[in-house]
There are 2 protein chains.
Amino acid sequence: MTRPGGRTAEVRAAVLRATGDLLARHGFHGVDLATVARGAGVGKTTVYRRWGSPSALVADLLTTMAAESVARTDTGTLHGDLTANATLVQTTLNDPRQGRLFKALFSAATYDEHTAAALAEFYRTRVAEWAHAVTDAVARGEAPIGTDPVATISHLSAPLYYRFLTTTEPLADLDVTRAVGACSAAIAAGVFVVDE
Amino acid sequence: MTRPGGRTAEVRAAVLRATGDLLARHGFHGVDLATVARGAGVGKTTVYRRWGSPSALVADLLTTMAAESVARTDTGTLHGDLTANATLVQTTLNDPRQGRLFKALFSAATYDEHTAAALAEFYRTRVAEWAHAVTDAVARGEAPIGTDPVATISHLSAPLYYRFLTTTEPLADLDVTRAVGACSAAIAAGVFVVDE
């Protein structure tokens with residue numbers, strides 16, 4: 001006997017894996033419900049009933065990606081935490097499948113408002129997770145009181161995403177070092193301090 | 001009598017304007033040669049002969065955009081120049097047509113290598129143009145000797161592009177202030193200094 005909960009979770013995982021594969025390979029236009037069902041090895045009716053549209057599949061994929069993403073690293077120092085975050089972004093965007101998947105998600109968000117909202121929610125979740133690194137640094141006296149954690153983490157990732165999107169080269173270790181250095185200098189200068 | 005050079009330039013301008021309109025409205029998939037010709041009010045054969053593919057049209061559009069983009073502002077101070085650049089990025093990305101056009105270009109670059117190369121070349125040109133602001137600042141003693149101008153200008157634009165792509169909100173003045181502040185702090189800390 002199969003537990004219904006277990007089977008449902010397995011179907012969902014297979015369907016979202018197939019959705020991610022199609023997105024990475026062919027983009028949003030490749031996310032066809034029948035093709036997803038075939039790729040996942042599940043019945044077409046299941047995909048049509050449970051998700052119903054490519055938008056809904058991609059939104060659910062983003063929710064799962066946010067939920068299953070690695071927790072923020074706690075190295076005990078601000079510099080260590082910033083380096084861990086920037087290195088994670090580097091590894092993710094340099095990975096061929098993940099890199100193509102993220103570009104496909106940005107592309108899908110351009111033409112589909114539902115995906116744009118889901119993508120923004122994904123980044124809100126991820127940035128909020130890593131924001132603790134900044135809150136902890138403030139508590140330890142490593143960053144000025146009032147430093148905005150969300151603005152800080154966004155500024156840390158930004159140069160890596162910019163390079164990822166505007167050049168055709170992979171992210172180098174120097175890019176990580178510079179992102180961490182620039183963010184640290186801005187934190188120390190109080191650029192992200194907000195009045196409460 | 002029409003000057004042949006003038007007519008050629010007019011046809012090119014009309015064709016590239018139509019290409020930009022279709023890109024902004026429908027994305028790369030909307031850049032159909034016959035539709036471009038109709039939109040530009042020129043013969044289909046002209047577009048087929050002179051460009052031949054949607055890729056070539058978009059690459060030519062990017063070349064023109066790079067050539068016709070406003071020259072860098074020279075305010076006489078590093079802070080003034082950085083603010084002028086960040087404000088230009090804000091204005092461009094917040095403009096509905098331009099914003100959609102840039103998202104469409106990122107999207108097209110994801111699925112078309114020719115466009116990816118042309119987009120990278122566009123950013124190389126634009127960043128190089130503004131890099132003079134950094135070279136001048138070094139000469140004036142406003143930035144450490146050896147500051148990498150390209151890395152600096154890329155870091156300045158990055159947080160604005162990151163916000164543009166990962167949220168659904170327009171770029172606020174605070175985003176510009178923070179981008180300039182963070183970049184200035186990183187410059188002063190010598191983050192972009194390279195050994196010659």
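This is a predicted model: local features need pLDDT of at least 70, side-chain atom pairs count only at pLDDT 80 or more; totals for chains, interfaces and linings use all residues.
Close-up 1. Residues are numbered from 1 along each chain as its sequence is written, chains are lettered from A and ligands numbered from 1 in the order in which they are written, and side-chain values use heavy atoms, with hydrogens and water left out. B:Arg12 and B:Asp60 join their side chains in a salt bridge, 2.6 Å from N to O (a salt bridge being a side-chain nitrogen of Lys or Arg within 4 Å of a carboxyl oxygen of Asp or Glu). The two sit in distant parts of the chain, 48 residues apart: B:Arg12 in helix H1 of chain B, and B:Asp60 in helix H4 (residues 54-68) of chain B. Helices here are DSSP runs (H or I, at least four residues), numbered from the N terminus. B:Asp60, at 15% relative accessibility, is buried.

**Close-up 2. Salt bridges within chain A.** Over all chains, the structure holds 21 salt bridges. One of them pairs A:Arg97 with A:Asp21, at 2.8 Å from N to O. Here too, distant parts of the chain get linked: A:Arg97 belongs to helix H6 (residues 96-111) of chain A and A:Asp21 to helix H1 (residues 4-26) of chain A, 76 residues apart. Both ends are partly exposed, with relative accessible areas of 36% for A:Arg97 and 26% for A:Asp21. A:Glu121 and A:Arg124 make another salt bridge, their closest N and O atoms being 3.0 Å apart. These two are separated by about one helical turn, because they are 3 residues apart in helix H7 (residues 113-139) of chain A. A:Glu121 is partly exposed at 40%, and A:Arg124 is partly exposed at 48%.

**Close-up 3. Where chain B touches chain A.** Contact (heavy atoms within 4.5 Å) takes in 41 residues of chain B and 41 residues of chain A. The two chains bury about 3100 Å² between them, with carbon and sulfur atoms giving 67% of that; buried area is the accessible area (1.4 Å probe) that two parts lose on being put together, summed over both. On the chain B side, B:Tyr111, B:Tyr162 and B:Arg178 lose the most area to chain A, together 24% of what that side buries. There are 2 salt bridges between chain B and chain A. B:Arg178 turns up again here, in a salt bridge with A:Asp148 whose closest N and O atoms are 3.4 Å apart. Helices H1 (4-26), H6 (96-111), H7 (113-139), H8 and H9 (173-188) of chain B each supply at least two residues of the side that touches chain A. H8(B) gives the largest share of that side, 10 residues.

**Close-up 4. B:Thr166, in helix H8 of chain B.** Helix H8 of chain B spans residues 149-166 and includes B:Thr166. Is this residue buried or exposed? B:Thr166 is buried, with a relative accessible area of 4%. Apart from its neighbours within four places in sequence, B:Thr166 is in contact with A:Phe106, A:Leu119, A:Ala120 and A:Tyr123. Its side chain also reaches the backbone oxygen of B:Tyr162, at 2.7 Å.

**Close-up 5. A:Ser157, in helix H8 of chain A.** A:Ser157 lies in helix H8 (residues 149-166) of chain A. At 5% relative accessibility, A:Ser157 is buried. Which residues does A:Ser157 contact, leaving aside its neighbours within four places in sequence? They are A:Asn85, A:Val89 and B:Tyr162.

Close-up 6. A:Cys183 is buried at 2% relative accessible area, and B:Cys183 is buried at 3%.

Notes
Buried means under 20% relative accessible area, exposed over 50%, partly exposed in between (1.4 Å probe, protein chains only). A polar contact is a pair of N or O atoms within 3.5 Å; within protein, one must be able to donate a hydrogen and the other to accept it, and residues adjacent in sequence count only if both atoms are side-chain atoms.
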